[in-house]
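User: I would like to go through this structure with you. Could we start with how the helices pack?

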Amino acid sequence: MKAIVFLGGGRITSALIAGLRLAKFRQPILVHDRHPEKLQQLRRRYGVMVEADLLRALASAQLLIVAVRPDSVGRLLKEIGPHIRRDVAAVSLAAGIPLAKLRTGLGPPVRWARAMPSPACRSGRGLTALTFGPNLPPPARSKVRTLFAAVGQVVEIPESRFDAFTVTFSSSHGYHALATLIAAAEFIGLDRKTARLAAAHALADGIAAWREGNIPLHELLQEAATPGGTAAAVMASLDEAGYQRMVVQGLRAGLRQARKNGNQRTAASAPGLRTK
């Protein structure tokens, strides 16, 4: 039986499979990982097929999803390269590693795409960036789009913008802001339950209202922050402290890490197959 085969059974694989199950995605899914406990957990939780033997997993692949950490990609490609004898479409989820390096690490007959899915795909509210190698045929592109569209919105962007998208779209920004706002609210006197309610409304409900409405963002900012009011005082203080500068600094740090991932030797050995 041909299946969508995930190489790596870590967090992003779990999130994608959860979203695919929620969407009642019907194509067979098989997961390979060197850690039996991860495979058993995925099989129990989602009913997917699992395969501890890498070569048997490869033989089942209709579409190959490389879902390992960037520093493990080189070792994995080196290991599977001699065993791929037929045309296969592969999708890398590894941040920072460009298509050119993937093609160097594992050349024809493998044809590549890159995808960067959000862990929010677990709930069907994901966002995935896609970029395709020039030799990936239209039917394979369609399969890749269909897979990720099942768990949320899909956007195709040039690879030159892929790393900037990666460091900007992460749901970690929202989680980090939420945790920070909750902690700050507790510091000024709110109990934890009320702090969580207030902070979640400030971030999640306000942004949802913006996305679902048609009012420009600058107008919503003016509406929420009346001159002389408390919200205006908070925003002015954050701006004075360098809030935007700190966010830019954080995104630049992410870009540096992506470039560091991309500069690794794709065929280099690594200590083990470590999953996301």
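Analyst: The axes of α1 and helix α2 (residues 36-46) come within 11 Å and cross at roughly 15 degrees. Axes are lines fitted to C-alpha atoms, for helices over the stretch in contact, and angles run from 0 to 180 degrees between N-to-C directions. Helices (H or I, at least four residues) and strands (E, at least two) are DSSP runs, numbered from the N terminus. This is a predicted model, in which local features need pLDDT of at least 70, side-chain atom pairs count only at pLDDT 80 or more, and totals for chains, interfaces and linings use all residues. Residues are numbered from 1 along each chain as its sequence is written, and side-chain values use heavy atoms, with hydrogens and water left out.

User: How are α1 and α2 oriented to each other?

Analyst: They are roughly parallel, a class for angles under 35 degrees, whereas over 145 is roughly antiparallel, 65 to 115 roughly perpendicular and the rest oblique.

User: Which residues of α1 and α2 meet?

Analyst: Ser14, Ile17, Ala18 and Arg21 of α1 meet Leu42, Arg45 and Tyr46 of α2, where contact means heavy atoms within 4.5 Å. Four of the residues in this contact are nonpolar, one is polar and two are charged. Here Ala, Val, Leu, Ile, Met, Phe, Trp, Tyr, Cys and Pro count as nonpolar, Asp, Glu, Lys and Arg as charged, and the others, Gly among them, as polar.

User: At what angle do α7 and α12 pack?

Analyst: Helix α7 (residues 162-169) and helix α12 (residues 243-262) pack at about 130 degrees, with axes 9 Å apart, and are therefore oblique to each other. From α7, Asp163, Ala164, Val167 and Thr168 take part, and from α12, Leu251, Gly254, Leu255 and Ala258.

User: Changing topic, is Glu51 buried or exposed?

Analyst: Glu51 is buried, with a relative accessible area of 17%; buried means under 20%, exposed over 50% and partly exposed in between (1.4 Å probe, protein chains only). Glu51 lies in the loop between β3 (49-50) and α3 (54-59). Not counting residues up to four places away in sequence, Glu51 touches Leu30, Val31, His32, Asp33, Leu39, Arg56 and Ala57.

User: And how many residues has the largest nonpolar core?

Analyst: This core has 33 residues, and Val91, Leu93 and Phe148 have the most contacts inside it. Helix α1 (residues 11-22) gives the most to this core, with six residues. A nonpolar core is a set of buried Ala, Val, Leu, Ile, Met, Phe, Trp, Tyr and Cys residues joined through side-chain atoms within 4.5 Å.
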